[in-house]
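Me: Could you walk me through the strands of this protein?
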Amino acid sequence: MPRHCHNVYVGAETGVLKGINVTEGEVQTSNFHNLTALERENEICSMCWGDDEQRQVLLGLRSQQVKVYDTVQGTFTMSRQLSSGSGPVIGLAKHQGAVITAVESGIVTLWRYAESERVSVNALTTGEKLCRMRQSPADSAVLATGGQENDLQLWDLARPEHPVFRAKNVRPDMLDLRVPVWVSDITFLEDARRVATCHRHSVVRLYDTASGQRRPVMSVTVGEDEPLTCLSRTHRDHQVLVGSGRGRLELCDIRMGRTVLALKGVAGGVREVYCHPERSYAASVSLDRFLLLHDLDTKKLLHKVYLKSRLNCVLMRRNFSLNPEDAEEDEVEDAAVQPAPASTGPELEDEEDDLQIVEEFLDVPPEETKKKKKRKLPKLKISGEDVADASPKKPKLPKLVDMSKKKKKKKVKAGESKG
Amino acid sequence: MAPRSKPKPGEPSSSDAAAPLLPERCIDHKNKNIRKEKWRELRLQKNKEKREARKKRQKVREELGKDAPPVLQPHTIETLRIPDVTTVQPDDLETQQADRLDEFGGYFGREAAPRVLLTAGDFPSPKTRDFMKELALVIPNTEVRLRNFSSVKKTARVAAAKGYTDLIFINEDKSKKVMANGLLHVHLPDGPSALYRLSNVKLSAEMRRIKEFTHHRPEVVLNNFTTMLGHRVGRMLASLFHFDPEFKGRRVMTLHNQRDYIFFRHHRYEFKNEKKCALRELGPRFTLKLRSLQKGTFDSKTGEYEWIRKRHEMEDSRRKFHL
């Protein structure tokens, strides 16, 4: 499957991962699952990109499984059952090659292969459940968590005992009552020191973590009794796109402290919103089983795609564009910047530099990965929507470097080059 | 200044190049009498053309007999309905799987028999009380309870713990002196909550048929729930009644959806012969209109909705329906 085939990925409540290819004129959808083998426990609760090149998609399920989907190969390459706390996986991230999961009961874990190196944080010291965990774009070890009656906290995995930043609630309201807190989504703004959260009690709050002030810098009320469920930063730093459980998609200006734009088209509660970091596209996914693509500058609804299942998560590629000129620019950029990926076979054997990269940043000594080979589950190779029963074929594993052989080759090459 | 129409210059166009649905109101004359005359002439001409066309079609039908083209159907709002993307296809695998896994999977898998709790506001009026009593006779395995000043959320929690599968609240607006105008159906334990506007309630006591009720489990007929939302609502309403009807009782509940209004009727049927069936309507009858379908039990402030009726956004066309 060509790399640029699907530019939007959506995770559904039934556990189906869908890839959508959105072009200016048309939209093509394909399911990546065997539709006869769906289970309630496999509901996709969170999704994130597995690597910087956006080749891999990480899925977090209700049963605390984490699955990896490789977009280039078009198959699920890995599935791991984790056990930490209870509840579905509500947040996923990657730090130095290892996966970070956050579960509803509040436990955030960095899964290193060596048990001694695993870092575990209990983010739910107060409150009922954890709703969201997001990673800082600047430092992959910094995480933000928030939940029901559990205000925003920033954690550094290097120092897991106490949160780096713990938000303080706003002052009691005019009746002197404590204002309730239910953080439903968190986003880091561009400079990564300002964090915005949205609450089910219809407020969006902005915190400045470097200023020393624990109370929110700005608190914007969006609508009346609008349970805000998701939030995303947009291509403009001072604006944030918020979705509510009642089907309102609003562009909120944090500088001005009010809503600037309300996008139409949603009939059900918005589950997740994903805005492109540079271009003005916004993808939103809702309980009324539609994926909506808006343009924030022209305020238009570009595409409305019916996807049959209730949808939970959405991801958009960095090179997503409905403009053919942008696509060309992206290809040029990608060709210049792209490092040789570790799992394609022939290229790796030739280049010395890439061998070194594999050695340094591989989270696990090579012998262990060889053992792991046997434990890996067979891949589900799916193409398009009509799929026969998935039979476990022999897994096509990425070619791992055989250190002993390579060293010999290295010496030979060094000899040759010197000579 | 032509009345009730966009003013168009020139004579009425004889060609059919203009959009066929727009009537030819191209008569534009400042003098009202002349305008009237012209319009009358045009109308007469059109009616004549219509009659001739119909005669032709009848002739053709007589000549061809069986091979004749089918009879033209008159346009109604139902036939002109804007096709919905979310219409459920019967052979769709994904929808079938979603049905197996959703909140009603247990009911349709015949695992849990429904047990319904019916209640109203704090001091229901006599009419509402009568309506509740009748509903309790109509929906099998229903209990009617007084509200006792408890909240919806609390009631849902306690009822779920006690093993009820469904909760129905009848809402009435006493200030308007109308009997009952709202119905909230909460499927337990964590199922969707549907809020309906209740109207046109007619009790069987008024129809004097209440003595003809039997206690056999009824059959349920769901008509015209085509879209995904309709499919879900239909399943939700069907899950109120027991999945094994007693055909001996010849009782049928019909939930007929037309133009987003759900009509509830209760009949007893008797087949006279293979083709004819006699129906006797027992009460009650009422009409429901879906206002919102919420995921999870009732939580209007912090909950998520699967569908909310947004009048100005969604109902911009008279030919667009959601169920």
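This is a predicted model: local features need pLDDT of at least 70, side-chain atom pairs count only at pLDDT 80 or more; totals for chains, interfaces and linings use all residues.
**Strands and their partners**

Me: How many bridges join strand E1 of chain A to E28(A)?
Reply: Residues are numbered from 1 along each chain as its sequence is written, chains are lettered from A and ligands numbered from 1 in the order in which they are written, and side-chain values use heavy atoms, leaving out hydrogens and water. Strands are DSSP runs (E, at least two residues; helices are H or I, at least four), numbered from the N terminus, and two of them pair if DSSP finds at least two bridges between them. E1 (residues 8-12) and E28(A) run antiparallel, and the bridges joining them number five.

Me: Which residue stands opposite Gly11(A) in E28(A)?
Reply: E1 and E28 belong to an open antiparallel sheet of four strands in chain A, ordered E3-E2-E1-E28. The residue in E28(A) opposite Gly11(A) is Cys313(A).

Me: Why is one side of strand E3 and of strand E28 of chain A left without a neighbour in the sheet?
Reply: The sheet is open, in the order E3-E2-E1-E28. E3 (27-31) and E28 (311-316) stand at its edges, so each has a single partner strand.

Me: How many residues of strand E18 of chain A are buried?
Reply: Buried means under 20% relative accessible area, with exposed over 50% and partly exposed in between (1.4 Å probe, protein chains only). Val203(A), Arg205(A) and Tyr207(A) point one way, Val204(A), Leu206(A) and Asp208(A) the other, and all are buried. For E18 (residues 203-208), the count is six of six.

Me: What is the bridge partner of Arg205(A) in E19(A)?
Reply: E18(A) and strand E19 (residues 218-221) of chain A run antiparallel, joined by four bridges. In E19(A), the partner of Arg205(A) is Ser219(A).
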